[in-house]
Amino acid sequence: MGVPVKGKGRQEEDVRVIGIESSCDETAVAVFDTERGLLSHRLHSQIALHQAYGGVVPELASRDHIKRLLPLVREALSAAQSSRETVDGVAYTAGPGLIGALLVGAGFARSLAYAWGKPAIGIHHLEGHLLAPLLEPEAPEFPFLALLVSGGHTQLVDVAGVGEYRILGQTLDDAAGEAFDKTAKMLGLPYPGGAALAQLAESGRPGRFNFPRPMLDRTGLDFSFSGLKTAALVALRGRVLDEEIRADVARGFQEAVVDTLAEKARRALVGGGYRRLVVAGGVGANMRLRERLGAIARNAEAKVYFPRAEFCTDNGAMIALAGALRLVAGERAGLAVDARANWELGATQ
Ligand code: KG4
Ligand code: ZN
C-alpha cells in the first residue's frame, strides 16, 4: 500500500488525511489521499515575524499559529474538495518542537478530530521528514538509508518500513542546520541563514579557508558541528568583513559541512550495502549537498531520493502522508509515537 499506485482505483483500505504542522515557525496544512496522492497543501511562514529578533521567539510563534491555523485548514480542505465526510483522520506533529507551538497544533487537531468523530494521529516530526520523499512521483521503496539534516537534528537512519527506524549515527552537539544558521548570523545574514549562507558561498573562493572535517578521523557514524562554527568565528575575528571575506568563509564552511555529511553518508551506504539513499530535512535543500550525495550514491551503485525543496523544510504534506500511512497500518492514536520511533520525544528542535 501506501504511496498511491496510480490507476488502481479506490480500494477499501484507501484513506484521506488532513495533516497539521506547527512545531516551529511554519504553520502548514495539507490533505493527502492514498489513492490520489497530495490533494492540497498550504503554508504560512513566520520568517518576517521573527526576523527582527534574529531567531524564533517561541511565544510569538505560538500566537501566530493560533491565528493562522483555522484559515489554512479551511483553505486546504476547500482546495482538496474535501470535508468532514471525506476525511478519514487528522494528523498533527506531536513533537519534537517548541512546546507552545506544538500545543496549538495538537489542541486544534485533536479537537477537530473529536468534533468530526475521526481518529487523531500524532506524528513524530522527524518521521514526517524522512517519509517526505514518498510524496514525489518517483518514490523510494523500503528499505533505505536516510540522511536527516534539519535545523534541530542530524541523523543517519536505517528505515526498514513505516515505523521501523534505527538511528545509526547522529550529531553529538549542534545540528547541521543549526551550524549553518549560527555561522550565517556571524556573517551578518538574516535568520534563517542556511539558504542565504549557501547563496553567499556561490561567490566564495574554494580553498581559501580550510575548515576542519569533524569526526572523519573516527570510526562510527556520529557527527559534531559545534567546533566548525567556532572555527568560522576564529577565521572572521579581527578581519574587515567585506563581501569577499564573507563569501570565502561561507564557501569554506559549506564545503566542510557538505564533505562531512557526504563522507559519513558514504560510509553508512557502503557499510550497510544499501541500494537507496534518502535525504530529508531543511539542509537537504542545499544544492552542493545534493550534488555530492548524488555522486556518492552513483559510485556506490545506489539511487538517491530528495523531496522537492519545499518539502525538505517543514510542511504539512509530510505530516498528512505519515498520518495516512499510519492510519492504513491500523493506528488510531499517536500517543506512543516516541516509543515506536525510538526517538526522544520532547527534545526541542
Ligand atoms: O527541516 P527544517 O525546516 O526545520 C527543522 O525541523 O529543524 O530545517 C530548517 C533548517 C534551517 O537550519 C535552515 O537554515 C536550513 O534548514 N536550510 C538550509 C538550506 N535551506 C534551509 N541549510 C543549508 N542550505 C540550504 N539551502
Ligand atoms: Zn523540520
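In which strand does Asp158 lie? Select Asp158: the strand is S7, residues 154-161. Before going further, note that this is a predicted model, in which local features need pLDDT of at least 70, side-chain atom pairs count only at pLDDT 80 or more, and totals for chains, interfaces and linings use all residues. Residues are numbered from 1 along each chain as its sequence is written, chains are lettered from A and ligands numbered from 1 in the order in which they are written, and side-chain values use heavy atoms, with hydrogens and water left out. Helices (H or I, at least four residues) and strands (E, at least two) are DSSP runs, numbered from the N terminus.

**Stop 1: Asp158**

Asp158 has 14% relative accessibility and therefore counts as buried. Buried means under 20% relative accessible area, exposed means over 50%, and partly exposed is in between, with a 1.4 Å probe and protein chains only. Now show the side chain of Tyr274: a polar contact of 2.5 Å joins it to the side chain of Asp158. A polar contact is a pair of N or O atoms within 3.5 Å; within protein, one must be able to donate a hydrogen and the other to accept it, and residues adjacent in sequence count only if both atoms are side-chain atoms. Not counting residues up to four places away in sequence, Asp158 touches Phe144, Glu164, Tyr165, Arg166, Leu168 and Tyr274. Contact here means heavy atoms within 4.5 Å.

**Stop 2: Asp174**

Move to the loop between strand S8 (164-170) and helix H5 (176-186), where Asp174 is found. Asp174 is buried, with a relative accessible area of 8%. Which side chains make polar contacts with the side chain of Asp174? Show Lys182, at 3.5 Å, and Lys229, at 2.8 Å.

**Stop 3: the zinc ion**

Select ligand 2, the zinc ion, together with His125, His129 and Asp314. The coordinating atoms are NE2 of His125, NE2 of His129 and OD of Asp314, at 2.0 to 2.1 Å. Donors are N, O and S atoms within 2.8 Å of the metal (3.2 Å for Na, K and Ca); water is not among the atoms, so sites may look incomplete. The site has 4 donor atoms with angles of 94 to 130 degrees among them, and is tetrahedral. Four donors count as tetrahedral if all angles lie between 85 and 135 degrees.

Along the sequence, the donor residues are spaced H-x3-H-x184-D. Why are His125 and His129 separated by about one helical turn? They are 4 residues apart in helix H4 (residues 125-131). An α-helix has 3.6 residues a turn, so residues three or four places apart point the same way. His125 is buried, at 3% relative accessible area, and His129 is buried too, at 1%.

**Stop 4: helix H9**

Select residues 287-299, which make up helix H9. Its 13 residues reach 19 Å from first C-alpha to last, close to the 18 Å expected at 1.5 Å a residue. The expected span is 1.5 Å times one less than the number of residues. Colour Leu289, Arg290, Leu293, Gly294, Ile296 and Ala297, which are buried. They are on the same side of H9 because they cover an arc of only 170 degrees around the axis; the arc is that of the directions from the helix axis to the C-beta atoms. The face turned away from that side carries the exposed residues Met287, Arg298 and Asn299.

Now show what the buried residues of H9 pack against, including helix H8 (243-272) and strand S6 (144-149). At the N-terminal end, Asn286 caps H9, with a side-chain oxygen 3.1 Å from the backbone nitrogen of Arg288.

**Stop 5: backbone details**

Most residues other than glycine have a negative phi, and most peptide bonds are trans. Just after H9, Glu301 takes a positive phi of about 55 degrees; Glu301 counts as exposed, at 66% relative accessibility. Gln81 is not a glycine either, and has a positive phi of about 45 degrees.

Finish with two cis peptide bonds: one runs from Gly95 to Pro96, with omega near -5 degrees, and one joins Tyr191 and Pro192, with omega about -10 degrees.

Note on methods
Four donors count as tetrahedral if all angles lie between 85 and 135 degrees; four count as square planar and six as octahedral if opposite donors are over 155 degrees apart and all others between 65 and 115; anything else is irregular.
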